[in-house]
Amino acid sequence: MRAVSVALGAALLIALAAAAFLVWAARPAIAPIEPPSPADFSADLVDKGAQLAAIGDCAGCHTNSDGSPYAGGVALPTPFGSIYGTNITPDPDTGIGSWSRVAFARAMREGIDRRGRHLYPAFPYDHFNKLADGDIDAIYAFLMTREPVRATSPPNRLVFPLNARIVAAAWKLLFLRPARSEPRSDKSDPWNRGAYLVEGLGHCGACHTPRNILGAEEPQKALAGGEQEGWIAPSLDQDSPAPIHWTEESLFAYLRVGSDRLHGVAAGPMTSVVRHLRPALDEDVRAMAVYIASTMGEPAPERRSREEEIFASLPKGGSADAIATAEPAGSAADAAPTGAQIFAATCSGCHTNRSSRPLGGRPLVLQTAVALASPRNLIEIILHGIEPAESEPGEMMPGFADVLTDKQIAELAAYVRSRFSDGPAWSNIEDVVRGIRNGR
Amino acid sequence: MLTLTVNGRPHRVDADPATPLLYVLRNDLGLNGAKFGCGLGQCGACTVMVDGHAVFACLVPISVLPGRDVMTIEGLGSEEDPSPLQHAFVEEQAAQCGYCIAGMIMRAQALLEHNPSPSEEEIRRHMSPNLCRCGTHMRILRAIKRASQGTRFADADSEKRVVR
């Protein structure tokens with residue numbers, strides 16, 4: 001009898017909780033509006049919106065490489081299936097033309113579309129909820145003054161049960177907290193601006209913060225490094241794997257032009273982030289550099305001495321642009337003789353060339369891809385090279401997917417690791433190569 | 001000693017395994033079609049095919065090639081008996097100084113073998129690693145287009161390599 005009452009009570013509680021959740025999760029539609037006229041927005045506001053949309057990298061998920069700006073259709077692979085960026089041009093039927101400013105702000109902060117449907121957290125409302133009202137207004141003005149394009153994105157391909165949007169509501173209940181960016185009085189204005197942009201609009205953590213099994217960023221590990229589209233997004237905290245520590249100057253150069261002389265070239269998903277960032281103001285990019293330099297912190301003494309060793313191993317005299325690397329250590333060639341042969345023919349022409357660029361390639365001893373605990377990024381680069389955006393100038397490296405086998409790439413990567421990093425040898429490199437080739 | 005298969009024929013090569021294929025082709029095998037341009041994989045003058053893929057011969061060590069099928073411009077056709085693609089390059093007068101052309105043809109051949117009727121966009125994207133300093137790109141694109149349109153009938157009455 002007692003057991004029955006307990007069971008009944010529990011069932012009642014569960015039913016009540018479920019009912020409460022459904023009531024909470026049900027969000028009303030916001031009435032459609034006539035698409036606003038571009039004349040409704042001041043040019044200054046639209047300009048500001050363009051600069052902010054650049055920092056938010058709206059185009060990254062909403063502009064297809066062969067499609068119209070902001071017309072959607074970009075596939076975003078996630079561990080749970082593919083999600084497609086939507087059309088955010090002001091087309092009233094297939095875009096957001098019928099969205100009021102209030103509906104847009106609700107989507108940005110709460111992840112709910114105009115019709116009241118829960119959006120998946122691939123849309124980083126867990127960052128955009130930190131945005132100031134004025135910035136949301138500016139981005140709204142920018143988007144509403146784009147060319148309206150009639151285009152419908154392909155339907156999302158998510159695994160059951162995630163294909164039901166109610167799951168996104170449950171996710172929010174667990175992980176989405178209302179947030180506003182509060183400036184810190186003990187920090188400089190650029191630091192506070194940078195914190196606001198990095199944590200909010202820039203949503204750097206969407207790639208650079210590890211995610212839990214339900215795909216939520218782990219708040220205790222902010223910017224501690226994550227993965228995106230098969231690439232390692234290196235940590236941006238004190239554990240940064242960069243051989244030479246990042247500074248405000250080097251971060252600014254990297255974000256502004258896509259490379260820094262003491263580090264690498266923006267590759268993988270970061271290439272388009274940097275490209276889309278171009279319309280952002282210098283002062284905003286510098287503020288982000290100030291903030292990220294502070295999350296990385298000053299290098300520890302051991303790290304400083306390792307950096308001295310690296311600098312000492314570089315030839316003297318030339319400009320930093322022309323630094324090349326020391327001759328091969330015998331042990332590296334002995335450990336990976338096939339890799340050494342491939343390196344000599346395939347890589348050394350650029351990477352040990354002491355000329356200035358474009359003839360002299362990046363010194364590998366400075367590359368984060370070589371220093372990471374995982375070989376993934378280096379293998380991605382060996383397979384597919386580094387490519388500037390079409391018809392744009394930029395650093396390039398050919399890829400070798402067509403000519404080197406998985407085993408040969410693994411041998412090359414092992415050689416590069418042992419010659420240009422003091423990190424432990426990578427294991428199972430060939431499996432990683434095969435995985436990347438097979439889209440894993 | 002390594003054995004390389006070039007244009008369907010085995011060749012015993014006595015060279016350091018780290019030697020780039022281009023040097024062996026030109027210096028040891030007397031196949032001078034592929035050119036040395038930059039030596040850095042940035043210009044494409046050295047392009048040949050390995051197992052049907054266009055590759056920079058200046059960056060490929062011979063050590064990775066035993067058991068693979070290397071094809072150079074000499075294997076495609078000759079002055080007397082040009083392949084359909086070579087013929088199209090002649091018809092369109094696509095060469096100015098000619099230095100890039102062997103590489104251009106081999107890269108285009110790799111495209112047509114995988115995709116016999118590529119779009120303009122696909123041709124442009126595929127050919128983008130190869131540079132022509134004379135500026136004959138428009139003629140090169142036309143030649144590839146011409147060859148791709150000719151493929152269907154060229155296939156039937158020719159023994160020459162069009163599509164494997």
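I call a residue buried when its relative accessible area is under 20%, exposed over 50% and partly exposed in between, with a 1.4 Å probe and protein chains only. On that rule, 52% of the 164 residues in chain B come out buried.

Ground rules first. I'm working on a predicted model, where local features need pLDDT of at least 70 and side-chain atom pairs count only at pLDDT 80 or more, while totals for chains, interfaces and linings use all residues. Residues are numbered from 1 along each chain as its sequence is written, chains are lettered from A and ligands numbered from 1 in the order in which they are written, and side-chain values use heavy atoms, with hydrogens and water left out.

Next I looked up the fold of chain B. I found five helices and five strands, taken as DSSP runs (H or I, at least four residues, for helices; E, at least two, for strands) numbered from the N terminus. Along the sequence they read β-β-α-β-β-β-α-α-α-α. The C-alpha trace spans about 45 × 35 × 25 Å along its principal axes.

Then I went to the interface. Chain B puts 18 residues into the contact and chain A 17, contact being heavy atoms within 4.5 Å. I noted about 1500 Å² buried between the two chains, 62% of it from carbon and sulfur atoms; this is the accessible area (1.4 Å probe) lost on putting the two parts together, summed over both. B:Leu40, B:Gln42 and B:Leu59 supply 34% of what chain B buries against chain A, more than any other three residues.
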